Amino acid sequence: MNERLLPPISMLAELTHRCPLQCVYCSNPLELLKADRELSTDAWLALFEEAADLGVLQVHLSGGEPTVRSDLEQLVGCLTRRGVYTNLITAGVGIPEGRLEALQEVGLDHVQLSIQGANAPTTEKIGNHRGAHEKKLETARRVVELGLPLTINAPIHRHNIEEVPAFIELALSVGAERLEIANVQYGGWALLNRNALMPDRAAVERQVEIVEEAQSRLQGVLAIDFVAPDYFAIYPKPCMGGWARDAFMVAPDGTALPCHAAATISSLHFERFGEWSLTDIWLDSPAFNAFRGDEWMLEPCRSCERRDIDWGGCRCQAMAIAGDAAATDPACVKSPLHSRMAMLISQANSAPSSSADNFQYRRIGRTW
Ligand code: SF4
Ligand code: FES
């Protein structure tokens, strides 16, 4: 057992993979789980009790679309009773009248609403759902009317990068407290659609200027978080704050994972809640321990002054691009494979599959 390990701070609970939208950048795995593979209400309640015992302070309730679970009020109520902060991550489409009120009643603390475009045609194109934009704006209005804090999450890629100023206006107009301008991370469905989603460098540079100007102009009015695009970076991000360092996630079937795309590292085996306790997984899972800290690092990370700032970047991106999960994230300028990022950008920008016609929409049960 790892005696020096601190407890996790936050957990992302992917309650379901079911979702009314089919976003082409979805971070869920390509092999989505059907409803009959989801944990039961009792199993989620037991898992949340144990998470609270373990020390988890905040749970992000996500999916798929978490509001398709009819037991969501019970789950939020359990977390509230245990003093755990709850954040509902929703697509904001098809939430019945009274549901947000019921969730607030049992203690929901925060709502994060994803919006695919700053206008209806973009939102509908990216999520493949007619009428989605109006429904999302209506959800935003209801959340703010209830007095719940609202974050707008805007996943950015080639098809909406020029809409960043309009996203800022939209967030202001609905009364959001926070806006996340989050450049798409190329894992899951976004990796499959990379050629159709990758922006060009000039657009990325314009976006950075716009966001920086708005961050300073709107101080105290709207907090704007910026998730930079890895492929255009010099140094990588500390993905998940470091592998199994203070956060983890649970898939709909109870599989505990250090991050969204961990299952793409086929050399690792991930335990399921029920077979292992959460505490045992956090402390002793070989997969959770595989890239913890810095002892696993190879050069150039091993002797780098940034190794406990970015923890070597993203293991899943190293797997996807370098073919080795222990390699330096190729987003890093010190990686021998860094130039491959520029090559992938230019390949995507010149690919014939760069139009929306070539989107591979997220779909449960897609056959390959
Ligand atoms: Fe981070 Fe490794 Fe690059 Fe250093 S060499 S900046 S630790 S990814
Ligand atoms: Fe797995 Fe970054 S998505 S470590």
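This is a predicted model: local features need pLDDT of at least 70, side-chain atom pairs count only at pLDDT 80 or more; totals for chains, interfaces and linings use all residues.

Student: Okay, what are the domain bounds in the protein chain?

Tutor: The domain assignment gives domain 1 as 10–232 and domain 2 as 239–335. Their centres, taken over C-alpha atoms, are 23 Å apart.

Student: And how many residues of each are in contact?

Tutor: On the domain 1 side 24 residues, in contact with 21 residues of domain 2. The elements giving two or more residues to the domain 1 side are β1, α1 and α7. By type, the residues on that side divide into 13 nonpolar, six polar and five charged.

Student: Switching to the sheet: what's the strand order?

Tutor: The order is β7-β6-β5-β4-β3-β2-β1-β8-β9, an open sheet of nine strands with mixed pairing. At the edges you find β7 (223–227) and β9 (256–257); each has a single partner strand, so one side of each has no neighbour in the sheet.

Student: In which sense do β1 and β8 pair?

Tutor: Parallel, over four bridges. If you want a spot to look at, Ser10 stands opposite Ala247 in β8.

Student: Now α1. Which residues are buried there?

Tutor: Trp44, Leu47, Phe48 and Ala51 are buried in α1. They sit on the same side of the helix, because they cover an arc of only 100° around the axis.

Student: What covers those buried residues?

Tutor: The cover includes β1 (10–14), β2 (58–62), α2 (72–81), β8 (247–250) and α10 (278–284).

Student: What span should α1 have, going by its residues?

Tutor: Helix α1 has 14 residues, 41–54, and at 1.5 Å a residue these should span 20 Å. The end C-alpha atoms are 20 Å apart, which agrees. Just after α1, Gly55 takes a positive phi of about 120°.

Student: Last one, Leu192. Is that buried or exposed?

Tutor: Buried: Leu192 has 20 other C-beta atoms within 10 Å, and the cut-off for buried is 20 or more. Leu192 lies in helix α7, residues 188–192.

Student: What does Leu192 touch, leaving out residues up to four places away in sequence?

Tutor: Leu30 and Gln360.

Methods:
Residues are numbered from 1 along each chain as its sequence is written. Chains are lettered from A and ligands numbered from 1 in the order in which they are written. A residue is buried if 20 or more other C-beta atoms lie within 10 Å of its own, exposed if 12 or fewer, and partly exposed in between; C-beta atoms are placed from the backbone. Two residues are in contact if their C-beta atoms, placed from the backbone, lie within 7 Å. The expected span of a helix is 1.5 Å times one less than its number of residues. The arc is that of the directions from the helix axis to the C-beta atoms. Domain bounds come from an automatic or database domain assignment. Ala, Val, Leu, Ile, Met, Phe, Trp, Tyr, Cys and Pro count as nonpolar, Asp, Glu, Lys and Arg as charged, and the others, Gly among them, as polar. Two strands pair if DSSP finds at least two bridges between them.
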